[in-house]
Amino acid sequence: ESHQNFWNIVLDVLKTIIPAEALAGTEQKIQSFAAGAGTVLFFEDQDVIKGLQEQFELYADNFPVWSEHSTAIAQFAVWNVLAEQGIGASLQHYNPIIDEKINAAFEIPAQWKLRAQLVFGSIEGEAGEKAFIEDESRFKTFG
């Protein structure tokens, strides 16, 4: 029920900003997410980050970056656990445009910042091919 409610809210928000000619494709995409078994929402508590910045002033500028690292590894870990169980997943980012409505609907504290949405369910097909920069250009090895 919460999963369905979440994606209904996302669609309602998108309907207010998506041009009419693009709405059908957007609705189809959101409905595909709503067809999943569930959605994991990843939040960061901004009060914790601010507290660490105050406690360790020398590293204050780094705590927002490190917080992003922490949430990314949490997302990766959850995705891997799902994959190990044969469950498909798709990481989405409809924040911040949905934040206000989601926080109100689910009584999320104002200081919690939504970072990502991980939809999970059955595997409907292979992941699409992705193009990458050549390894020689993006990785450096030093002896």
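What is the volume of the largest pocket?

**Before starting**

This is a predicted model, in which local features need pLDDT of at least 70 and side-chain atom pairs count only at pLDDT 80 or more, while totals for chains, interfaces and linings use all residues. Residues are numbered from 1 along each chain as its sequence is written, and side-chain values use heavy atoms, with hydrogens and water left out.

**Stop 1**

Select residues 38-45, 88-92 and 112-121, which are strand 1, strand 2 and strand 3. Strands (E, at least two residues) and helices (H or I, at least four residues) are DSSP runs numbered from the N terminus. The three strands form an open antiparallel sheet in the order 1-3-2; two strands count as paired if DSSP finds at least two bridges between them. Strand 1 and strand 2 are the edge strands, each pairing on one side only. From one strand to the next, the twist averages 25 degrees. Eight bridges join strand 1 to strand 3; Glu44 has Lys113 as its bridge partner in strand 3.

**Stop 2**

Next, display residues 2-15. This is helix 1, which lies across strand 1, strand 2 and strand 3 and runs at about 70 degrees to strand 1. Axes are lines fitted to C-alpha atoms, for helices over the stretch in contact, and angles run from 0 to 180 degrees between N-to-C directions.

The largest nonpolar core has 15 residues. Such a core is a set of buried Ala, Val, Leu, Ile, Met, Phe, Trp, Tyr and Cys residues joined through side-chain atoms within 4.5 Å. Helix 1 gives the largest share, seven residues, and the elements giving two or more are helix 1, helix 2 (23-34) and strand 3. Select Phe6, Trp7, Val10, Ile30, Phe33, Tyr94 and Ile98, the members that touch the most others. Centre on Val10: beyond four places in sequence, Val10 touches Ile30, Tyr94 and Ile98, where contact means heavy atoms within 4.5 Å.

**Stop 3: the largest pocket**

The largest pocket has a volume of about 480 Å³. On a 1 Å grid over the protein atoms alone, a pocket is an open set of points where a 1.4 Å probe fits, with protein on both sides within 12 Å along at least five of seven lines; lining residues have an atom within 4 Å of a point. Grid points are joined across faces, edges and corners, and the volume is the space filled by probe spheres set on the points. Select Gly88, Ala89, Ser122, Ile123 and Glu124, the closest to the pocket centre of the 19 lining residues. Helix 2, helix 4 (63-84), strand 2 and strand 3 each supply at least two lining residues.

**Stop 4: helix 4**

Select Glu68 and Thr71, both in helix 4. Buried means under 20% relative accessible area, exposed over 50% and partly exposed in between (1.4 Å probe, protein chains only). Glu68 is partly exposed because its relative accessibility is 32%, whereas Thr71, at 8%, is buried. Outside four places in sequence, Glu68 contacts Glu44 and Arg115, and Thr71 touches Phe42, Glu44 and Arg115. Glu68 and Arg115 are 47 residues apart in sequence, yet 8.4 Å apart in space, C-alpha to C-alpha.

**Stop 5: two loops**

Finally, select Asn95 and Pro96, joined by a cis peptide bond with omega of about 5 degrees. Pro96 lies in the loop between strand 2 and helix 5 (99-106). Then move to Glu107, in the loop between helix 5 and strand 3. Glu107 has a positive phi of about 55 degrees although it is not a glycine, and is exposed, with a relative accessible area of 72%.
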